[in-house]
Amino acid sequence: MISYARQNPEEQPEGTPPAEDHIAPAPRVSVQAFCETVETAAAVQSAGEDRRLGKAHLKIQMGGMAAAIEAYRTAPTPNVIILETEGRTDILTGLDQLATVCDAGTRVIVIGRINDVTLYRELVRRGVSDYVLAPVNTLDVVRSICGLFSAPEAKSVGRVIAIVGAKGGVGASTIAHNVAWAIARDLALDSVVADLDLAFGTAGLDYNQDPAQGIADAVFSPDRVDTAFIDRLLSKCTDHLSLLAAPATLDKVYDFGADAFDSIFDTLRTTMPCIVLDVPHQWSGWAKRALVSADDILIVAAPDLANLRNTKNIFDLLKASRPNDRMPLYCLNQVGVPKRPEINSSEFAKAIESDPIATIPFEPQLFGSAANNGQMIAEISATHRTTEMFLQIAQRLTGRGETKKPKGSFLSPLIEKLRAK
């Protein structure tokens, strides 16, 4: 008997499971595919280049089931085997033969052309992890492999949202902190802000927090990073919002490799539904990796030529690096500075080939007061138009509508007074 993970046949009676809006990345696993058609091999090859399989080691061979059986007579099996096959009898007979040479713990994905629930149940009975109906596309393969490592009973893996400025000084950190606040407060989604600007980060100031530990402790101690360690580093801002603060000191030089933050992000994904990355405006291996590997990206730009050029460059790079993901989003900030020539939003949209999701006006008094007081815009003016813009951005990035606040009873005012005392 092959020791594969099993799925509930009643959940997907007619072959492939429905497409999910959010696909969690796979861990470091070995995947070997045995294809019969060039089209399937091309789809698997394209899937191997997807960011969500960036840690997986993928190898593709032709020959289908027969080639797999022959290959594993003398070689150990990988974490995942993908088999393309045709015909009901061929599948079942081949799996029985594969069971005799397959290592325990290996998971199998079968790609076939027979759309039949009886066959699917028979495959599950033999321990097959997933049955995908051909022809398959890139996302079918990505979803199937990644789905093997998301336990059905576990919470969905956290969504990573990266927010970056097209140019320094455009207010990207302020936008990131206020959007995270809206996600936590208005959408009631447990969230964490990770301030990646270790030398000059402002998240601690904006949230009026001064934690003794933060993200630097995790980066400089990668061997210690686990759920318990990260929990100790988090500073609680509200019931739903936590902060992984930057030290904002210059006693160290923060030169990191491209994968320096990987273990931190992976750990946060397992415990937090939403992770907002405040990405500094710099171009390094880890900054690029943070953007490319994020689930959704917001670029913050001011309405001038340098910002337009940089936004276009970031858009082009992300579209090329993430062909199977949603397009990055952008917003215009600090719009309407007196006497400053500006590129209007329609010209910006024409160059980027996409409209901004928000155009945030220049409000120096409002934003200056919030920054100096360690407050969010919503705390200073809950009804201000900018507060509503941050909520709209939060909804767009998370795909969620506003959470309805429960109506209070006639005793609510009295209870609030008692709590205040």
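Which residues does isoleucine 357 touch, not counting residues up to four places away in sequence? Taking contact to mean heavy atoms within 4.5 Å, isoleucine 357 touches Leu298, Leu329, Tyr330, Cys331, Ile393 and Arg396. The structure is a predicted model, in which local features need pLDDT of at least 70 and side-chain atom pairs count only at pLDDT 80 or more, while totals for chains, interfaces and linings use all residues. Residues are numbered from 1 along each chain as its sequence is written, and side-chain values use heavy atoms, with hydrogens and water left out.

**Buried residues in loops**

- Isoleucine 357 lies in the loop between α13 and β13 (359-361), where helices (H or I, at least four residues) and strands (E, at least two) are DSSP runs numbered from the N terminus.
- With a relative accessible area of 18%, isoleucine 357 is buried, on a scale where buried means under 20% relative accessible area, exposed over 50% and partly exposed in between, computed with a 1.4 Å probe on protein chains only.
- Isoleucine 357 and isoleucine 393 are 36 residues apart in sequence, and their C-alpha atoms are 7.0 Å apart in space.
- Aspartate 50, in the loop between α1 and β2 (57-62), is also buried, with a relative accessible area of 3%.
- Once its neighbours within four places in sequence are left aside, aspartate 50 is in contact with Val142, Asn324 and Asp325.

**Aromatic rings**

- A pair of aromatic rings is described by the distance of the centres and the angle of the planes.
- Rings of Phe, Tyr and Trp (its six-membered ring) pair if their centres lie within 6.5 Å, and planes under 30 degrees apart count as stacked, over 60 as edge-to-face and the rest as tilted; by this rule the count comes to eleven aromatic pairs.
- In one of these pairs, the ring centres of tyrosine 254 and phenylalanine 256 are 6.4 Å apart and the planes stand at 45 degrees, so the pair is tilted.
- Both partners are buried, tyrosine 254 at 15% relative accessibility and phenylalanine 256 with a relative accessible area of 19%.
- Phenylalanine 367 and phenylalanine 390 form an edge-to-face pair, with 6.5 Å from centre to centre and 80 degrees between the planes.
- That pair links distant parts of the chain, since phenylalanine 367 belongs to helix α14 (residues 364-373) and phenylalanine 390 to helix α16 (residues 385-398), 23 residues apart.
- Phenylalanine 367 is buried with a relative accessible area of 18%, and phenylalanine 390 counts as buried at 2% relative accessibility.
- Ring pairs also join Phe220, Tyr254, Phe256, Phe261, Phe265 and Trp286 into a cluster.
- Lysine 252 lies over the face of phenylalanine 220, at 4.3 Å from the ring centre, under a rule that asks for NZ of Lys or CZ of Arg within 6 Å of the ring centre and within 35 degrees of the ring normal.

**Helix packing**

- Two packed helices are described by the angle between their axes and the distance between the axes.
- Helix α1 (residues 38-48) and helix α5 (residues 138-147) pack at an angle of about 60 degrees, with their axes 8 Å apart; axes are lines fitted to C-alpha atoms, for helices over the stretch in contact, and angles run from 0 to 180 degrees between N-to-C directions.
- α1 and α5 are therefore oblique to each other, given that angles under 35 degrees count as roughly parallel, over 145 as roughly antiparallel, 65 to 115 as roughly perpendicular and the rest as oblique.
- Ala43, Val44, Ser46 and Ala47 on the α1 side meet Thr138, Val141 and Val142 on the α5 side.
- Helix α11 (residues 285-293) packs against helix α12 (residues 305-321) at about 65 degrees, with the axes 10 Å apart, and this crossing is right-handed.
- Lys288, Leu291 and Val292 of α11 make the contact with Leu317, Leu318 and Ser321 of α12.

**Backbone geometry**

- Most residues other than glycine have a negative phi, and most peptide bonds are trans.
- The peptide bond from alanine 134 to proline 135 is cis, with omega near 0 degrees, and proline 135 is found in the loop between β5 (130-133) and α5.
- Asparagine 208, in the loop between α7 (203-206) and α8 (215-219), has a positive phi near 60 degrees and counts as exposed at 58% relative accessibility.
- Lysine 339 has a positive phi of about 65 degrees although it is not a glycine; lysine 339 sits in the loop between β12 (329-335) and α13 (345-352) and is exposed at 89% relative accessibility.

Note on methods. A crossing is left-handed if the near helix is turned anticlockwise from the far one by less than a right angle, and right-handed if clockwise.
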